[in-house]
Amino acid sequence: MSTVAQYVLSGLAIGGIYALVALGFHIMWSAARAVNFAHGDTLMIGGLVAAYLVAIGWPLGLACLIAIVCGGLFGFVLERMAVRPFLGQSNSIGWMLTTIAVGIMVESIATIETQGYALPLPSPGITSSVQIMGAGLYPQELAIPVIALAAMAGLRVLQRRTLIGRAMQAVAYNKNAAALMGIDVNLVVAFSFALASLLGAAAGVLIAPVVQASATMGVLPGLKGFAIAIMGGITSAPGVVLTGLAYGVMEKFVEGYISTSAREIVGFSLMIVVLLAFPQGLFGKREVAKV
Amino acid sequence: MPFQRFKRLRLMAATVAFGLASSAAMAEQQPCIGNSAAVTGPAAFSGLAIKMGAEIAIDEINASGGVLGKQLKLVQYDDAGAPPRGVDNTRRIALADKCIAILGGFHSTVAVAQVDPVHEIGIPYMGVWAANTKAIENGKDPNFMFRISAKDKWVARFLVDEALKVTKDGKIAFFYENTGWGNGALPDVKAALAAKGKELVVAETFNWNDQDMSPQVMRARDAGADVIIIWSLDREANQVLRAMDKISYKPTIVGAWGISGNLGELAGPLANGTRVMQTYSFLTPQSETGKKVLATLESKYGLKDPSTIKAASGIANAYDAVYLLADAIKIAGSYDWPKVQQALYQVERDGLVAPYKPAFDKADPERNDALLPEHYLLAVWHDGKLIPFAGSPYDK
């Protein structure tokens, strides 16, 4: 029983990170029909900036806040420099290459800066573990899935209740019509990228105390977050968050009952099967284009 | 058109023939040593350590007149831990830079990939870090792969001996990273245990950047292991320690030297008591050579406090490797590759890491390795610092 509880809880913790990353992909895709493939690196920016600021003596809370803002700023600038110039022409896929390129550059800079070492981010959330049904977990890890769900709910409120949220939905539905209604489409798209990156950086700050901040910490979560966004249906926020949590738990059970090296094989095979059965993802709606 | 195509074909054939001929008649080696190591990627610190050690030795050698009347030079390439780049760098160092020898890097997968190109070309290779047994014991004759570093086969015996000293009921688990280095060590550890009439209770693996090791750690606990031998880097070892902390499981950890970088910083007090195999430490009483190197590390690289020097083994191994190569060049009286390869077997020197008497033994295929198990050193993590085990609070 304690083993099963351990796998479920550890899985929810890592799944929460996947969910936050996938939620970022959902936000970007909804607004721009493009995503930032360097999104995994916003985790790294969040984690590393926080670790550096704490190391030079800043209080943890402020360091994390600044780190998250830095992440958001990165998303904003990246949208302006590497996505918008390539979205003008129809069917342009230049943004794929440019966002990947920016990601590689940022990662290289981080490697030079850290010399490849991982940096610790001390947090009160990992000083001692708590026991739940025989499973041991850091409070920090317990907080992650909760925060992922809160982010999902927050996004819903934002979309329903605020002007910018409604504008995001309008842009997602039809860019040209939204522009004709007086919505500044460019601003909304830039806001979406910044918001997604804020979430990414927050995920980085959350996970860094547990896994350490390093130049490569965002690579795998970034890739898996994208896979989960596709699997869950990139147009559905609850879809990607729930899929993220479930994927994390599934991974732990594969590690526990099959083997650690089988984890990616099973995970990515599952992704292909899901896409064959549900081409729009598990929770995605078919997008009807009227011609 | 057919004529033009024929002309182009002939031109191509001539180019290929010229290329072959010129590589066979490799002219004039230059007084340089090429290093292919990871200067970027997760083990970037290792490339920097090797560079420091090699540069210090080269500066000293040049200050006393260089080799065969010429100043020695270091040519640095980055392999980023990727075998294809290591192979490419090998060819570049040998054929473009025409260096006398190649210094190896951190990653075993790269070192193993370099075996073939090194022998195709016939340039001496001196490993200073990657410890894979087969990189050096590769069955080639003449063998151009030499090493001043640990050898996994011997490290496994060394760590198994330490594990058996600590264990109460002989239940030992093995944790290893899913890489060329980790997978290569599994048979070595099994063999070392079998020689003592024991076997592993579990062998658990994990990938780089894995973020939670709970399943593996729980299996080790359920198997009753009271000692864990670990073959990993700092980052993953930290995850193992944290997973143990979460389930309040406290076995003794005995690790290969991948966890000698910044584990103390990452895991904090959880790292205390983790034993690590090293080839060198700047925290023991230093020889004259050691004092000299420490002084240069301070003046040239600003490393004032010896306890803050990360990867001491890498620095020291690279330092000795350059000296052994310089000695061999002097004995050979030439920069010529085969002559230097032969001369390496005649080198004797009191090095920084160990006395090399002789450094290598042509008659023994196990002895293209200069460092022997008796030169290995046990260190232990204590309050964020890696200190010699002897005399530490854990030495009872």
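Reply: Among the contacts in chain A between residues at least 6 apart in sequence, 77% join residues at least 24 apart; two residues are in contact if their C-beta atoms, placed from the backbone, lie within 7 Å. The model is predicted: local features need pLDDT of at least 70 and side-chain atom pairs count only at pLDDT 80 or more, whereas totals for chains, interfaces and linings use all residues. Residues are numbered from 1 along each chain as its sequence is written, while chains are lettered from A and ligands numbered from 1 in the order in which they are written.

Chain A holds 11 helices and 2 strands, which are DSSP runs numbered from the N terminus (helices are H or I, at least four residues; strands are E, at least two). Their order from the N terminus is α-α-α-α-β-β-α-α-α-α-α-α-α. The C-alpha trace of chain A extends over about 55 × 45 × 35 Å along its principal axes. Its radius of gyration of 19 Å agrees with the value near 19 Å for a compact globule of 291 residues; this radius is taken over C-alpha atoms, and the globule rule is 2.2 Å times the number of residues to the power 0.38.

In chain A, 52% of the 291 residues are buried. A residue is buried if 20 or more other C-beta atoms, placed from the backbone, lie within 10 Å of its own, exposed if 12 or fewer, and partly exposed in between. The largest nonpolar core has 226 residues, and those with the most contacts inside it are A:L23, A:A50, B:V322 and B:L324. Such a core is a set of buried Ala, Val, Leu, Ile, Met, Phe, Trp, Tyr and Cys residues joined through C-beta atoms within 7 Å. Helix α8 of chain A (residues 185-211) gives the largest share of this core, 19 residues. Beyond its neighbours within four places in sequence, A:A50 has contacts that include A:A63, A:L121 and A:V205.

Chain B has 13 helices and 14 strands, and 53% of its 396 residues are buried. Its C-alpha trace spans about 75 × 55 × 40 Å along the principal axes. In chain B, 68% of contacts between residues at least 6 apart in sequence join residues at least 24 apart.

An open sheet in chain B consists of 5 parallel strands in the order β2-β1-β3-β4-β5; strands pair if DSSP finds at least two bridges between them. Because β2 (73-78) and β5 (145-147) of chain B stand at the edges with a single partner strand each, one side of each has no neighbour in the sheet. Strand β4 of chain B (residues 125-127) pairs with β5(B) over 3 bridges, and B:G127 has B:R147 as its bridge partner in β5(B).

Helix α2 of chain B (residues 44-63) is mostly covered, with 14 of its 20 residues buried. At 1.5 Å a residue it should span 28 Å, and its end C-alpha atoms lie 29 Å apart, which agrees; the expected span is 1.5 Å times one less than the number of residues. After α2(B) comes B:G65, with a positive phi near 105°.

Finally, the contact between the chains takes 29 residues from chain B and 27 residues from chain A. On the side of chain B that touches chain A, α2, β7 (202-206), α8 (214-222), α9 (234-246) and α10 (263-267) of chain B each supply at least two residues. The largest share of that side, 5 residues, comes from α9(B).
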